Amino acid sequence: MTVTSTVSLAVIIFLRFFGLWPGVSYSIIYWLSFMLSILVTQYFQYLYVFDHLKISELSNLVECLIVTLYYSLTIIKLSNLFIRRRVLHQILTDMDDDWRECVNDDQHLHIMTIKANVSHFFSNGLLSFTMIVATFYVSGDYLIRFIFVTEHYNDTLRQLPIKIQLPFETEQSPMFEFLVIAITLQIMLHSCMISILNGLIFILVLHLSGQIDIICQEFRNISKNTLLHRSSIHSFGMIIEKHNRILSFSENMEKLFSMYSLLQIFWNTALVCCLGFVFIISIHNKTSVFALVKTMFAYLAVAMEVFMICFSGEYLSSKGKSIARATYETPWYDMPSNQSKILIFIMMRSQKRLAITAGKMMDMSFETFTSIMKASVSYVSILHAMY
């Protein structure tokens, strides 16, 4: 099957389901329905938090806060994306235009197809990994409880997948089974949304890197044409137009994900600290191996979210510099003066940095990721020494 988009089918389906894909009928209703389900869950989560706000239940409170903060972050993310949905729609429209243009050129189509295949593989892999982590996290408590009940036959309390406090009795059948199924489905949808939003950043960066590779390919073609003494004015015009579109695309990405990245760093740092606290408590209380593995899976999922944004920012910045290198390596000294002057302007414009920032305060890069992980590991080390 011929690839015609950098966005995979799974991502398109979920963006349509959550009301974020352009041209979807009743998109506001889809978005409001999903937001309402999260808000209702969030309300009962905070009821549980406030009711168990006691020093004697600190470990239970921290474990509850991990999921509660995750839901709060998703609400803010979705609200931010919905407010800026016109920017997202413009980005997706520009991507379709880029694909329509590259269909007529085999070299360009080959470059974009490679990027699309990588994007599809990554999207499907990230979605699968997130679903596995969510399934293990939901079923982890039941596995732990099964082992506990096997060892202590006097415990009959029935537990929901996540800690919430409802205003009615939940342990009687069939209400308990209905709540377990409904909450599990809601958790799976929530996990899919997290995966799609995190993967979307890398998908857009991959598409943009494909357009940058096309520019670099055109510079190589210009170099060959110059050696053969052929005119390359048309190629220069195409490069300038495509470079302008790359800069515009990058600016729209910055508008869409700047605040998103800042919130991600702030919330994920708090979540990593909470997970570290739960991990230390589990070790010292000699909790079963399932509780430790469950915490480690959640820690990896949280760390991966930050890593994906930082990796995307680092990759985008690196690809942006390749335009300046490709321009410099063009044999401008063998070109007519009117063409060599064009190269100077392209090189000047290519000095504009392509990056993803966190609230326009810091670049999302490997250095930022290292700083975040150092801070979280330092916290866990101090906690381990003090506990």
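**The whole protein**

Keep in mind that this is a predicted model. The protein has 10 helices and two strands. Starting at the N terminus, the elements follow the order α-α-α-α-α-α-α-α-α-β-β-α. Of the 387 residues in the protein, 52% are buried. The protein exposes about 19,400 Å², and carbon and sulfur atoms supply 66% of that area. What about contacts along the chain? Among contacts between residues at least 6 apart in sequence, 79% join residues at least 24 apart.

| Helix | Residues | Number of residues | First to last C-alpha | Expected span |
|---|---|---|---|---|
| α4 | 85-102 | 18 residues | 26 Å | 26 Å |
| α9 | 337-349 | 13 residues | 19 Å | 18 Å |

For α4, the reach is close to the expected value at 1.5 Å a residue, and for α9 the reach is also close to what is expected.

**Which side faces in?**

Let's begin with α4. Its buried residues are Val87, Leu88, Ile91, Leu92, Asp94, Met95, Asp98, Trp99 and Cys102. Looking down the axis of α4, you would find these buried residues within an arc of 155 degrees, so they line one face of the helix. Arg86 and Arg100, on the other side of α4, are exposed.

Now try α9. Which residues of α9 are buried? They are Gln339, Ser340, Leu343 and Ile346. These residues cover an arc of only 110 degrees around the axis, which puts them on the same side of α9. The face turned away from that buried side carries the exposed residues Ser337, Lys341, Phe345 and Met348.

**One residue up close**

Finally, zoom in on Thr74, which sits in helix α3 (residues 58-83). Is Thr74 buried or exposed? Thr74 counts as buried because its relative accessibility is 2%, and buried means under 20%. Leaving aside neighbours within four places in sequence, Thr74 is in contact with Ile38, His190, Met193 and Ile194. Take Ile38 from that list: Thr74 and Ile38 are 36 residues apart in sequence, and their C-alpha atoms are 8.6 Å apart in space.

Methods. Residues numbered from 1 in each chain as written. Predicted model: local features only at pLDDT ≥ 70, side-chain atom pairs only at ≥ 80, totals over all residues. Heavy atoms only, no water. Helix = DSSP H or I, 4+ residues; strand = E, 2+ residues; numbered from the N terminus. Expected span 1.5 Å × (residues − 1). Buried < 20%, exposed > 50% of the residue type's maximum accessible area, 1.4 Å probe, protein only. Arc of directions from axis to C-beta. Contact = heavy atoms within 4.5 Å. Areas by Shrake-Rupley, 256 points an atom, 1.4 Å probe, with all protein chains shown as cover.
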